[in-house]
Amino acid sequence: MRRRPHPPLSRPTHHKRLPSLECFDTGVVLSGGGSRAAYQVGALRALCRFFDHPSHPINTVVGSSIGAVNGLVLAALLKDGVRDAVNQMEEIWRGRTIRNTFSGSPSRAFLRALLIAQQQLRSPGPNNSDRSVFDPTPLRDEVDRVIAMSGGLTPEARHPALTSVAVMTTLEGPARKPLLFLSSHKQPPTEAMAGATFDITMVPDLRAKHGFASAALPSILPAVELDTDLGRVRLVDGGISINVPIDPAVRLGANRVYSIDVSGRHWWLDRFGEAHDTRPSWEVPAAPETFCLRPPKTLTFRTRRSIGPLLKDAVGSSTKRFIAAAGPVWPLFSILKKKLGEEVAYESMTYVALDPEYLQGLIEWGYTETLMTLSELQNADQPSGGVKVAS
């Protein structure tokens, strides 16, 4: 994990590596990235052979932003086996469109998108807002249905090896703060939480509302208000705090972590000539007394290339199809294309576009690129992070 930003004159966050262990608890970490999260389903399919072995099943699932929604669905379906869970996740993603994912009037959503675009031009970033482009009620209801049909997400109802399921959110307020919703048989021990950048709220029965609290990117999806042991709180996107929540997974007991990062952060930093440890100004900074834990064994899978060309191949030849895929934010494409070029415009749309051909392509890319990464790790004398891939 890379260093997180701090206020001026504060000392930097430390990273501590846990001692290597012979046996391991497996953690799956899913990042945010909008509709690019379909890629995670393909990656999970490529990783099934690691997870369906009886001796090392998935023990911890932690997600942030849309990765939290994927994480809840995965966790709920695991009791029938990881391959069946991935099959069902793939069916959910394959059929997604703007019309069956979001509710409300398209024309009103278009007007809201224009107003929000003007605000973003004046003040870019995920600023606090009471206005949002989309209402994700249809998708939220479908996720709740999947969780309910699987028996729920209480510790007693899910796969017995799955000890912890968690979603990262951000407490909205004058000073945003990271908050982790955790479903587990017991609260993490005090020593495991020493130096943590986030607080924990125990929630025995996680539901879609917790996942969509994590995915509530201001101005795009509405903030979610929930009653918690902290009182009634307003929550926004977990990616504003920790978009790839490896540290929380480690604190929950995982010492072998499979991280699937669809944020595309490295592509954007390379595109604009920034160092890979650059952090956006709007990300919640870590307090000086905090530090991040790193597991002894980490496998990181991320998008290896620009996804814009995939979207262009799927919908770029038809204006009608492109508008259907991008929904009310399609005018943003023209603005970005004029200001920053077609490459950046298409890459930006990859986070919001919903089109069956595009999503199927993402699933296939996730599968093939993950297999490529696994092959590279197996063939390397010293794989990244010192991890050897075990069959």
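**Charges over rings**

I counted a charge as over a ring if NZ of Lys or CZ of Arg is within 6 Å of the ring centre and within 35 degrees of the ring normal. The model is predicted, so I note that local features need pLDDT of at least 70 and side-chain atom pairs pLDDT 80 or more, while totals for chains, interfaces and linings use all residues. Residues are numbered from 1 along each chain as its sequence is written, and side-chain values use heavy atoms, without hydrogens and water. I also found the charged end of R305 over the ring of W365, 3.6 Å from its centre.

**Aromatic pairs**

I noted eight aromatic pairs in the structure. Rings of Phe, Tyr and Trp (its six-membered ring) pair if their centres lie within 6.5 Å; planes under 30 degrees apart are stacked, over 60 edge-to-face and the rest tilted. One of the pairs, F51 with Y258, is edge-to-face, at 5.0 Å centre to centre and 85° between the planes. F51 belongs to helix α1 (residues 38-51) and Y258 to strand β9 (residues 256-261), so this pair ties together parts 207 residues apart in sequence. Helices (H or I, at least four residues) and strands (E, at least two) are DSSP runs, numbered from the N terminus.

I then checked burial, where buried means under 20% relative accessible area, exposed over 50% and partly exposed in between (1.4 Å probe, protein chains only). F51 is buried at 4%, and Y258 is buried at 3%. W268 and F272 form a stacked pair, 6.3 Å centre to centre with 5° between the planes. F272 is partly exposed, at 44% relative accessibility. Ring pairs also link F50, F51 and Y258 into a cluster.

**Helix α11 and its surroundings**

In α11 (residues 319-326), I found F322, A325 and A326 buried. Seen down the axis, the buried residues of α11 fall within an arc of 90°, so they line one face of the helix; the arc is taken from the directions from the helix axis to the C-beta atoms. Among the elements covering them are α4 (98-101), α10 (308-315), α12 (330-340) and α13 (342-349), with contact meaning heavy atoms within 4.5 Å. Just after α11, G327 has a positive phi of about 65°.
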